[in-house]
Amino acid sequence: MKAAVIRGHGGPGSIRIERDFPDPKPGATDVVVRVRATTLNYHDIFTRRGMPGINVPMPCIMGIDFAGDIVEIGSGVSAFQVGDRVMIDPADRVGPGGLIGEMWHGGLAEYCRVPTHHLVPLPGDVSYEAAACLPVAYGTAVRMMDTIGQVKAGDKVLILGASGGVGTCCVQLARLRGADVIACASTESKLAWLKDLGATHLVDYTKQDFVKWVYATFGKPHRRRFEGGVDVVVNFTGGDTWVPSLKVLHRQGTILTCGATAGFDPKEDIRYIWTFELRILGSNGWTRDDLSTLLELIRSGQLRPVIDRELALEDVNEAFRLLEDREVFGKVLLRP
């Protein structure tokens with residue numbers, strides 16, 4: 001089969017298209033899925049680069065978010081049959097942990113062997129493309145915003161990295177909850193798209209200091225009174241944005257975080273945490289209930305997965321570049 005393969009960690013351009021990679025064979029409790037759509041996440045970039053403490057078996061086929069059709073089943077499989085449409089939940093919840101597309105071959109190939117406990121039945125009115133956006137990016141977003149963060153009507157929610165996969169979902173979820181959404185992005189076109197998704201306020205962080213913007217718009221937070229600032233900051237970038245995020249929260253405000261795409265060890269200023277009684281809530285991944293919530297939101301028309309562009313598998317290095325250089329609004333999709 002055709003597959004996008006790494007045989008060692010590397011930088012941009014290091015993924016190779018192999019056209020004679022061995023076809024997967026199902027074990028007794030596995031199926032083989034014909035991959036219809038795969039989307040990229042920053043986790044795929046980290047896997048390609050290599051992450052401290054994570055030993056990725058090589059060769060590796062990345063791609064943790066994907067959907068497709070079952071084309072072959074193992075001898076012990078009874079709950080699924082050939083032809084079933086499925087979305088893949090890449091998280092291993094019954095074994096040693098890890099992710100399909102990291103510890104086991106993933107969706108950047110024509111076919112993928114998938115143990116049945118990773119399969120989520122895909123309703124006929126949800127497209128493969130929409131389903132391929134959900135588990136990692138949108139599953140993480142719904143858990144962070146709803147399950148953990150409990151964003152509610154009237155909250156002022158500032159979202160950093162709003163134009164990415166997680167960010168575009170966060171904007172939509174905050175809007176659905178009736179929040180006042182402040183979306184931060186780096187170009188006029190991205191900001192226009194974010195307005196279309198429901199953002200109330202738009203901040204171009206390349207031209208405006210978002211701390212000064214918040215102070216000018218909502219007032220500077222007061223350490224004794226519940227005045228000024230915003231209620232929630234969504235920050236999964238880390239790096240230089242971390243301390244500024246603390247500065248814009250009013251008393252007992254909340255930072256929601258699920259990652260650190262710009263750096264995991266930022267400068268800290270704990271004075272803001274205790275002075276303003278701030279809450280910092282982490283969110284790690286998603287559950288099956290979170291995925292069920294997302295499927296129902298899509299079926300009801302309340303949520304629209306955002307796909308910037310579709311590329312062929314042969315263009316996998318360009319797809320990674322677009323994501324790495326932040327030239328993507330929402331998700332980039334590959335069709336094996």
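Student: At what angle do the axes of helix 3 and helix 9 cross?
Tutor: In this predicted model, helix 3 spans residues 134–148 and helix 9 spans residues 288–299. Two packed helices are described by the angle between their axes and the distance between the axes. Here the axes come within 9 Å, and they cross at roughly 100°.

Student: Are the residues on the two faces of strand 9 buried or exposed?
Tutor: In a regular strand the side chains alternate between the two faces of the sheet. In strand 9 (residues 180–185), one side carries Asp180, Ile182 and Cys184, and the other carries Val181, Ala183 and Ala185. Both faces are covered, and these residues are all buried.

Student: Which residue of strand 9 is the bridge partner of isoleucine 159?
Tutor: Strand 8 (residues 156–159) and strand 9 run parallel and are joined by four bridges. Between them the chain passes through helix 4 (residues 165–176) in a right-handed β-α-β crossover. The partner of isoleucine 159 in strand 9 is alanine 183.

Student: Which residue of strand 10 is the bridge partner of isoleucine 182?
Tutor: Strand 9 also runs parallel to strand 10 (residues 201–204), with four bridges joining the two. Isoleucine 182 has as its partner in strand 10 histidine 201.

Student: Which residue of strand 15 stands opposite glutamate 310?
Tutor: Strand 14 (residues 307–312) is joined to strand 15 by five bridges, and the two run parallel. Together with helix 10 (residues 316–324), they make a right-handed β-α-β unit. Opposite glutamate 310 stands leucine 333.

Student: Do strand 3 and strand 15 run parallel or antiparallel?
Tutor: Strand 15 (residues 331–335) is mostly covered, with four of its five residues buried. Leucine 334 of strand 15 stands opposite threonine 38. Two bridges join strand 3 (residues 30–39) to strand 15, and the direction of the pair is antiparallel.

Definitions and conventions
Residues numbered from 1 in each chain as written. Predicted model: local features only at pLDDT ≥ 70, side-chain atom pairs only at ≥ 80, totals over all residues. Heavy atoms only, no water. Axes fitted to C-alpha atoms, helices over the stretch in contact; angles between N-to-C directions. Buried < 20%, exposed > 50% of the residue type's maximum accessible area, 1.4 Å probe, protein only. Pairing = 2+ DSSP bridges. Right-handed = clockwise from strand over helix to strand, strands pointing away.
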